[in-house]
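Open the model in your viewer and keep the selection tool ready. We will go stop by stop.

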Amino acid sequence: AKATGRRSKPSKPESFWDDEEADVEVDENTVEPIDQDEIFDLIRHISDPEHPNSLEELRVVSAPQISVSENRVIVEFTPTVPHCGMSTLIGLSIRVRLMQSLPPRFKVDIFVKPGSHQSEHAVNKQLNDKERVAAALENPALVDTVEKCLEKAESWGA
Amino acid sequence: MTRFKIAKVAELQGHDERAWNIAWNPAKPLLASCSADKTVRLYHYDHATDSPDLRFTHNTTISTGHTKTVRAVAWSPSGLSLATASFDANVGIWEQEGGDEGEGPNAGEWECSSLLEGHETECKSVAYSSSGTLLASCSRDKTVWVWEVQPDVDFECLGVLMEHTQDVKCVAWHPHEEILASASYDDTIRLYIDDPSDDWFCFATLKGHESTVWCVSWSPDGRYLASSSDDKTVRIWKRVKEHSWESVLVLTGHERSVYSISWGVGKSNDDASLGWLASASGDGQVMVWELTKPSDSDTAPMSSTPPGHSIIARLEAAHGVYDVNAVAWCPRQGYENILATAGDDCSVRVWKVIPE
């Protein structure tokens, strides 16, 4: 999916979060196609909170696990182990990354891969409760951790 | 059947972050809104000369002092006190200096007269009982607190109800009895009353929703309770015995979580009307249903026959591409078709539901 008119630079997906491109979100009525590869590029370099590796390297996220329709993005991710205690944090990092990068018309739903986590239902529910997410993002310690996970994703390709 | 449309009356900008909730003052022409920006904004409204339309003007902004999001606002029935529920775990009670004497929009500053501390985590909703003598609050700490409103804005905790197994999202009082409803992330609704010789207790658990229950709202006549959920539905529960409520109707049409509902008396010509129920959703839509008395309402008022229902108005993209977090009917006489909404676009919007 190539960008249309409103973006001045060649359309790299990373440009979604360049500061000078902040006006990307202004016109909410113009529908700009975004595909699963662009979404994947936004989240593949997020670090795992417990490893030096990226979510892509750990096979937590992959392009086929992302689906995009006109106004909805569904991201499925695979926790490294079924009892992974960091799953909600990983999911939250993915959510924050997409919230900061995508135009606001996108409704984002995040789920763990079915059968991949022993608390699948609880993790899914928490990640998709906007009030719980909003409250979590007012917790400075949690925000700090999320920002660390996002550092590489945000600097990559810049 | 008359078809209605939802027409915009005003768009109120000013919050710097997501607007979470709105509350109409029941006695005065004032609308309060609250936001993740930690403030409460008050708007005055009146009729512009030579125009039937309402005109809204910003009255004041209360910098609440809450250290986190102000999630909900609620007026006392007298309209003299405003309660705020914050993610900082506290409930604030706000009163205007000289507010019980003078009229006029600029009578005095709004000051925090009480700060109710007790919840351990985010406070999500607050509500005054119909008499104004009780206040309820709820939190992610899984508890519902019932407070007695004593003279001189003194508050005494009458009970801490620990029935829910998860986050409690909303509390709402019955329109004329001292019955409290709470809605939770545990997918249930609980109903509570006071035992005069003992404590407040839960007398009913309403199960049926398949995910988080975001909001509860009583019918104006008090015979029904509506609930809205992350399962995208609105359910109607009917009182079938003194202390027994049954799910009698499921309303569908929303495509994402239904964050808020409000059941007002409406402006219907139908004598059988039970009022208008408005819903607001993460899908951006606002819908209005008219509910009507079932045919056996005179002969068997407590039967489990569901009320009649029809969608009378529907508005897509009420806040553009953004989620609609709250909806509320104006409770004042003459304004029964006026509705306010709060959205993720930081704006508050006012609507009128009028015949098409």
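How many residue pairs are in polar contact between chain A and chain B? There are 16, with both residues at pLDDT 80 or more. A polar contact is a pair of N or O atoms within 3.5 Å; within protein, one must be able to donate a hydrogen and the other to accept it, and residues adjacent in sequence count only if both atoms are side-chain atoms.

This is a predicted model: local features need pLDDT of at least 70, side-chain atom pairs count only at pLDDT 80 or more, and totals for chains, interfaces and linings use all residues. Residues are numbered from 1 along each chain as its sequence is written, chains are lettered from A and ligands numbered from 1 in the order written, and side-chain values use heavy atoms, without hydrogens and water.

Next, select the side of chain A that touches chain B. Strand 3 (107–112), helix 3 (120–127) and helix 4 (130–136) of chain A each give two or more residues here. Helices (H or I, at least four residues) and strands (E, at least two) are DSSP runs, numbered from the N terminus. Helix 4 of chain A gives the most, with five residues.

Now show A:Lys125 and B:Asp187. Their side chains meet in a salt bridge, 2.5 Å from N to O. The term means a side-chain nitrogen of Lys or Arg within 4 Å of a carboxyl oxygen of Asp or Glu. Between chain A and chain B the count is ten salt bridges.

Last, colour chain A by pLDDT, the predictor's confidence in each residue, from 0 to 100. Chain A averages 84, and 78% of the residues score at least 70.
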